[in-house]
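I opened this notebook to keep track of what I looked up, entry by entry.

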Amino acid sequence: RLKISHLDSIFLSRVAWANVGGLPGMILTLKAMGLQRCVFLGPPKLQNYLKAIRLFPGPLKRMDLAVQLHTEPEYKDETMTVYQIPLTGKPLAAESTLPQSPGASTQGGNSPKGDTGPGSPRAAQQSLEEGKKKGSPKKTGGEQKCASRHPDLVMAFLCKIHPKKGKFLAAKAQEMGLPVGTPAILPIITALKNGESITFEGRELFPEELCTPTDPGPVFIVLECPHEGFVDAVCENETFRRYQEGLPENKVALVIHMTPESVLRDSRYQQWLERFGPGTQHLVLNENSSTVHNPRSYKIQTQLNLIHPEIFPLLTTYQSKEEEAVCSVPIVRGECLLKYHFRPQQEWQRDAVTVCDHDAFVSEALDLPNFQTRVKECKESLSAVPGNVGAYPEIVFLGTGSAIPMKIRNVSSTLVNTSSTRSLLLDCGEGTFGQLCRHYGEQVDQVLCNIVAVFVSHMHTDHHSGLLNILMERRRAFAALGQAFIPLFLVAPEQIMPWLHEYHNHCEEILGDIRMITSQSLVKGCENVKPKAKWFVSALLENYDLAEFQTCEVQHCKNAFACSMIHKSGWKVVYSGDTMPCMALVQMGKNATLLIHEATLEDGMEKEAIEKTHSTTSQAIQTGMKMNAEFIMLNHFSQRYAKIPLFSEDFSEKVGIAFDHMRVRFGDFPTIPKLIPPLKALFADDIVEMEERKEKREMRLLKETALVLDELAGGENKEAPCQKRKQAKNHQELPNKKLKTVN
């Protein structure tokens, strides 16, 4: 297990979304664990990126994020010294003759030699680069300077583990008459281990006599070579050459290559690999490294699949279609949690490598008390349910957790397939693309091309940090399938644009991939009347065959929105985003076919829900009842409900719980509530644990309330004798006054 609580320095080879896209989520996680400061090492663009993500609301603004550039002294900690090696690449020679994307130049040209046919990874990447270059909005002045196509800078890292002093040979020292076991031996040991000779009782003693040899400290290199334009920079680098000359003190134990197959096939790169000699290990990390990174997710889905195979389909994996390069030196392909030990012996360790044992997952579920019985009862009850399930619309939950990703629930994202060729994303948290890969496998490129719009409910990071990866993978997918590229409609708060502009101007060009429709302009009565905006909305409706797409502001953070879509055939889907109970949402969602509503917290935590501006389970259900929704799916569960939330008394035949990779059609509404008994059997231990936590919390609240009442009662009791004495005194004074008056 890797503990991120120990993480305070992050090294980044370049500023591309594939490298930095996970940073906001990682920083939020570190912040939640109490870390106040983090140091980033990498290329200069990194400063621009960190400045850009500070535009996000919340904890990112309050974190101390420092950048250490390659022009500054080397990084050093108690384990090693790290040297940054800048590598400047050249544009790909084939860039002027790339396959064209719509919006790109229409000039013709011959395809370059090699693996560049339509749909090949290289052609897809080239089309991505060209499309970004040509398809982006025109810029002027400083903006033009920021986003111009200068050769990119990649940072490699040469890491030297500190030398380890030799071990003092106590037995031999005792044989030689040294005062082993007494305080007098300590300065002798220190001197010898530091490589100094000493004189003891007239005899000179040398370190090599009484200590094992010093371990000079292994060297390893972390290198990204993004494409062939960087190969010369790598091969001609003087620092690398010094470590290929065979000197014992410069022997490299391991080189980690973050390189595509096209680079590995390059003869120049292969010759460079050979120069390290046979004692160097080579680890390759790229899209061909097919490994399951989260077996827990596969395990849960396999077990849910036993309950209902259609609603809980088995997960798949995405395999790269590119043929693996054959290298002239032995290489190791990356696997999740594969380890390389530098000390005491240099070796690979695979004991923690993640594996998925489908049969073991099934056996574990079948051995649970009552599980098989509940599944059997569920299937018998479902035989009486009408089987009229239309294929569309289809709702696929990709992320049903809140704030930060969990092992089983990713952060917010829901795919709505309105037809076999059109899909829409409701929120797009970090990891959305990975979830699509696990759900659709080889079909993921077509699914990406089907996505014509993304709705982002608000600016909290867990709802939009997967967007840029979707944009880039979507453009790659269009090129890979040989389809004409179409920009994506982005329905989001207008506050997202400064972040997108900042990233576009200083990191990678992305604005050519989106057509912006502000959420504010879709609120009833606030519609945008500008011709371009009206055309975008009209095109959005036409693409999905919708009669209406509407938003309303909800009670969460500033500029948080819910949305409602009404299809021309009559169905209506409403998505709450994050919100407390909200009348505007009830009004907009009247008579919804399906309400997807957040239920971050359990009943009994209403105070916490108000503090965090979220809803409890019952509040979400009551919102659905008020709008007369036909069915309610609850999602966006707190991390405290990793597997399943606690059930509310308000649960009925109109309510379901969302799980990642759950697939729901309108015809499934009668089925979903019948799944609850087997779900309770599958997660029985977790439910017991949550109920115990709830009881403890309620007992604590009762004790706190009792203490407050006691304090109040104690105060009243102190006041009571005073009141009585005062009243008695008044009674005594009153007759005296009367007497005085009479007299």
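**Entry 1: two phenylalanines**

I looked up two phenylalanines and found that phenylalanine 312 and phenylalanine 659 are both buried. I note here that the model is a predicted one. The two rings form an aromatic pair, with 5.9 Å from centre to centre and 85° between the planes, and the pair is edge-to-face. I then checked where the partners lie. Phenylalanine 312 is in the loop between helix H13 (295-307) and strand S12 (332-333), and phenylalanine 659 is in the loop between strand S26 (655-657) and strand S27 (663-665). The pair links distant parts of the chain, 347 residues apart.

**Entry 2: charges over rings**

Which residue lies over the face of phenylalanine 659? I found arginine 409 there, at 4.9 Å from the ring centre. I also wrote down lysine 680, which lies over the face of phenylalanine 647 at 4.8 Å from the ring centre.

**Entry 3: the ring count and a second pair**

How many aromatic pairs are there? With ring centres required to lie within 6.5 Å, I get a count of 26 aromatic pairs. I looked at the pair of phenylalanine 56 and tryptophan 499, whose ring centres are 4.8 Å apart.

Buried or exposed? I checked phenylalanine 56 and read 1% relative accessibility, so it counts as buried. Tryptophan 499 has a relative accessible area of 3% and is buried. I also traced the ring pairs around these residues: they link Trp17, Tyr49, Phe56, Trp499 and Tyr503 into a cluster.

I turned to strand pairing. Strand S4 (residues 75-76) and strand S5 (residues 80-88) run antiparallel and are joined by two bridges. Which residue in S5 is the bridge partner of lysine 76? I found threonine 81.

S5 also pairs with strand S6 (residues 153-161), in the antiparallel sense and over nine bridges. For a position in this pairing I noted leucine 87, which stands opposite valine 154 in S6.

Methods:
Residues numbered from 1 in each chain as written. Predicted model: local features only at pLDDT ≥ 70, side-chain atom pairs only at ≥ 80, totals over all residues. Heavy atoms only, no water. Phe/Tyr/Trp six-rings, centres within 6.5 Å; stacked < 30°, edge-to-face > 60°. Buried < 20%, exposed > 50% of the residue type's maximum accessible area, 1.4 Å probe, protein only. Helix = DSSP H or I, 4+ residues; strand = E, 2+ residues; numbered from the N terminus. Lys NZ or Arg CZ within 6 Å of the ring centre and 35° of its normal. Pairing = 2+ DSSP bridges.
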